[in-house]
Amino acid sequence: MDGFNLLWKRLLRNSPYSESMPNIPTLPPRKEGEYLEDRLADEAVSFIERNQNQPFFLYMCNYAVHTPIQGRPDLVAKYEEKATTNQKSHGYAAMVESVDMSVGKIMQTIKDLGKDENTLIIFTSDNGGLETDIATDNDPLRSGKGYPYEGGIRVPMVVRWKGKIKSGSKSDTPVISHDLYPTICEAVGMDMPNTAHIDGSSIFSLLTQGQKPERTTLYWHFPHYRQKDIVPYSIIREGDWKLIKRYEGNKYELYNLADDLSEKEDLAQESPDRVRELDLKLIDWLKEVDARMPKMNPKYAGME
């Protein structure tokens, strides 16, 4: 028996999540060996059913797909029977299917309750796939989670609102998760608080009418370290141009995503004027949002 199955057998004494996360008073064990994604889906369905007669907001954060890579045993076995592709992990594939099943259960509940035409559904992710030998492959995007390349920050977003958003429509307009709050407010006819600082823009007209937002620039800021090769960085994307600015080591990288989605050709050296222009806009934005900037730690003794 391999290490994964030994671990799963050990956890079968109770719900695995009740042992690894004992401080969740609202999620007591329900049955032996229950898989967390199945339980979360049932809890989401229960919430919808309890609130079906009033407006509700469900923020559903599946734990999958995330490390440790532990798929439901029956689904892992299913993928062990399939041919290996560039996606090598049977456990990872099983976790993805568990998320699919969770989403399907929620959407079926909404349909069964007759809320299909009155519910806005947004499906997206907070970062790209963790590109390791045990997880996934983001090809043709470069790199993965934590990195400033497209494999780390470009994620799918699927939005469904029957009767409001045209079925099967697609858009290549870049948007960002900060846009969700103002978009939801506009969709439900709610004014945003005057005291709120809004980093994003409503994309409601983009979703319902295909009307692109006036904004053409997006920003990211990652002012800390993650693993030995990820140092603090900021990013500005304006149109198809993307500038990565690091605060340690190689300072600038410049890419044209329309011509080079995989970010193989760094144009920073041959386009210094564009680097300078984008860098000035990035600096202005960092000041405008009062971004926390990396600074020297006098107690740092080096990385092992």
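Predicted model: local features only at pLDDT ≥ 70, side-chain atom pairs only at ≥ 80, totals over all residues.
Which residues of H3 are buried? They are Leu 36, Glu 37, Asp 38, Arg 39, Leu 40, Ala 41, Ala 44, Val 45 and Ile 48, where buried means under 20% relative accessible area with a 1.4 Å probe, protein chains only. Residues are numbered from 1 along each chain as its sequence is written, and side-chain values use heavy atoms, leaving out hydrogens and water.

H3 covers residues 36-50 and is a DSSP run (H or I, at least four residues). Its 15 residues reach 21 Å from first C-alpha to last, close to the expected 21 Å, which is 1.5 Å times one less than the number of residues.

Glu 37 sits in H3 and is buried without a salt bridge (a Lys or Arg side-chain nitrogen within 4 Å of an Asp or Glu carboxyl oxygen). The nearest side chain of opposite charge, Arg 72, is 10 Å away. What Glu 37 does have is backbone nitrogens by its side chain, those of Tyr 63 and Ala 64.

Over in helix H7 (residues 180-187) there's Thr 183, which counts as buried because its relative accessibility is 1%. Thr 183 touches Ser 201, Ser 202, Ile 203, Phe 204 and Leu 207, leaving aside residues up to four places away in sequence; touching means heavy atoms within 4.5 Å.

| Side chain (polar atom) | Backbone nitrogen | Distance |
|---|---|---|
| Glu 37 | Tyr 63 | 3.0 Å |
| Glu 37 | Ala 64 | 2.9 Å |
| Thr 183 | Ile 203 | 2.9 Å |

Key
Helix = DSSP H or I, 4+ residues; strand = E, 2+ residues; numbered from the N terminus. Buried < 20%, exposed > 50% of the residue type's maximum accessible area, 1.4 Å probe, protein only. Lys, Arg positive; Asp, Glu negative; His and termini not counted. Polar contact = N/O pair within 3.5 Å; in protein donor to acceptor, adjacent residues only side chain to side chain.
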